[in-house]
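Please consider the structure shown here together with its sequence.

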Amino acid sequence: MDFKTLKTFQAIVSTGSFNRAAEELSYAQSTVTMQIQKLEAQLGVQLLERGKQQVILTEAGRLFHEQSLQIVKDMERLQSSLADLQSGGAGSVRIGATDPTASYRLPQLLRIFMEQFPRIILSVEIAGTAALNGRLLRGELDMILCSAPQLGTELYFEPLFTEEFVLLLPEGHPLETEKEITADLLRGHRLLITAADCPYRKKLESILQEAAGPPLNTMEIGSMSALKFYVENGIGMAFVPEITLQTLPPGTVVRRLSGPGVDMSCGIACRIADYPLRGANLQVYQFLKRELGIPVHM
């Protein structure tokens, strides 16, 4: 038996007539008759009796009707879900994101997205760019929000915005009174930095290496989001994403670095083999690209 035949049987029962069932389903009456005859032959029992006024269910027909109702409903839901999956209205999407985007941008955006697409299930993995690149390449994530990957990786990357960094100092720090803070002035003061594989740290080190002077006094902090709390406690100074300072930590001041900055280009990436994305992945990708992208003024 197939799904169409089950629906035909249910339509005959609900309308009480082969004719009305055929009209409802836009079938010829002969098609309806043939489907029921085939169904009864497959089951080896008679399901329906033709009465003068309407079709009557046999005992076997009543049992079959009761048991097949849920099957038809489940199949209709499955068809609807598959259609949503095909159109991008349903599915599951695995997103990777680095901080501060994961903590300061994504929550509000994903709330809006989930209101628009309640049947798309999202998961978010938070890690550094290198770790996310690896997971994406292994197929463990569908897309990631990160800084630009290294050239030669099998990733398609679209830059969306610039992560702006500022220098956060404890109040009373010797550099607080400087009118212009240049890279060479940072030497001799403890600078809090992130892990060695962090793209931000690599760019920062590149800028600082150009400034001659004594070796840098650094202390590694494994989390970029935690940097501001270490500055707040007077442990050192740090370049932190400006978006994380919506509320300035007590006892700290903000300054900008003169000359080349440590601002980072950030965007969205997926595997080249998966681009262009489809279904729910495409819905998420387009939404994030639209919401995080820099507006183009014509």
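The sections below describe selected features of the structure in turn.

## Basis of the report

This is a predicted model, in which local features need pLDDT of at least 70 and side-chain atom pairs count only at pLDDT 80 or more, while totals for chains, interfaces and linings use all residues. Residues are numbered from 1 along each chain as its sequence is written, and side-chain values use heavy atoms, with hydrogens and water left out.

Helices (H or I, at least four residues) and strands (E, at least two) are DSSP runs, numbered from the N terminus. Residues are called buried under 20% relative accessible area, exposed over 50% and partly exposed in between, for a 1.4 Å probe and protein chains only. Contact, or touching, means heavy atoms within 4.5 Å.

## Helices H2 and H3

Helix H2 covers residues 18-25 and helix H3 covers residues 29-43; the two pack at an angle of about 110°, with their axes 8 Å apart. The axes are lines fitted to C-alpha atoms, for helices over the stretch in contact, and angles run from 0 to 180 degrees between N-to-C directions. H2 and H3 therefore count as roughly perpendicular (65 to 115 degrees; under 35 is roughly parallel, over 145 roughly antiparallel and the rest oblique).

H2 contributes Phe18, Asn19 and Ala22 to the contact, and H3 contributes Gln29, Val32, Thr33 and Ile36. These residues divide into 4 nonpolar, 3 polar and no charged. Here Ala, Val, Leu, Ile, Met, Phe, Trp, Tyr, Cys and Pro count as nonpolar, Asp, Glu, Lys and Arg as charged, and the others, Gly among them, as polar.

The loop between H2 and H3 holds Ser26, which has a positive phi of about 60° although it is not a glycine. Ser26 is exposed, with a relative accessible area of 66%.

## Aromatic rings

The whole structure contains 6 aromatic pairs. One of them is formed by Phe165 and Tyr200, which are stacked at 4.7 Å centre to centre with 5° between the planes. This pair links distant parts of the chain, as Phe165 is in strand S7 (residues 165-170) and Tyr200 is in helix H7 (residues 199-209), 35 residues apart. Both Phe165 and Tyr200 are buried. Rings of Phe, Tyr and Trp (its six-membered ring) pair if their centres lie within 6.5 Å; planes under 30 degrees apart count as stacked, over 60 as edge-to-face and the rest as tilted.

Phe113, Phe117 and Phe287 form one aromatic cluster. Elsewhere, Arg50 lies over the face of Phe18, at 3.9 Å from the ring centre; this requires NZ of Lys or CZ of Arg within 6 Å of the ring centre and within 35 degrees of the ring normal.

Asp99 and Pro100 are joined by a cis peptide bond with omega of about 10°. Pro100 belongs to the loop between strand S3 (91-97) and helix H5 (101-116). A cis peptide bond also joins Tyr275 and Pro276, with omega of about 0°.

Thr244, in the loop between strand S10 (237-241) and S11, is buried, with a relative accessible area of 6%. Apart from residues up to four places away in sequence, Thr244 touches Pro100, Tyr104 and Lys228.

## A buried and an exposed residue

Leu227 is in helix H8 (residues 227-232) and is buried, with a relative accessible area of 0%. Residues up to four places away in sequence aside, the contacts of Leu227 include Leu192, Ile193 and Phe239.

Gly259 is in the loop between strand S11 (252-255) and strand S12 (264-271), and it counts as exposed at 53% relative accessibility.
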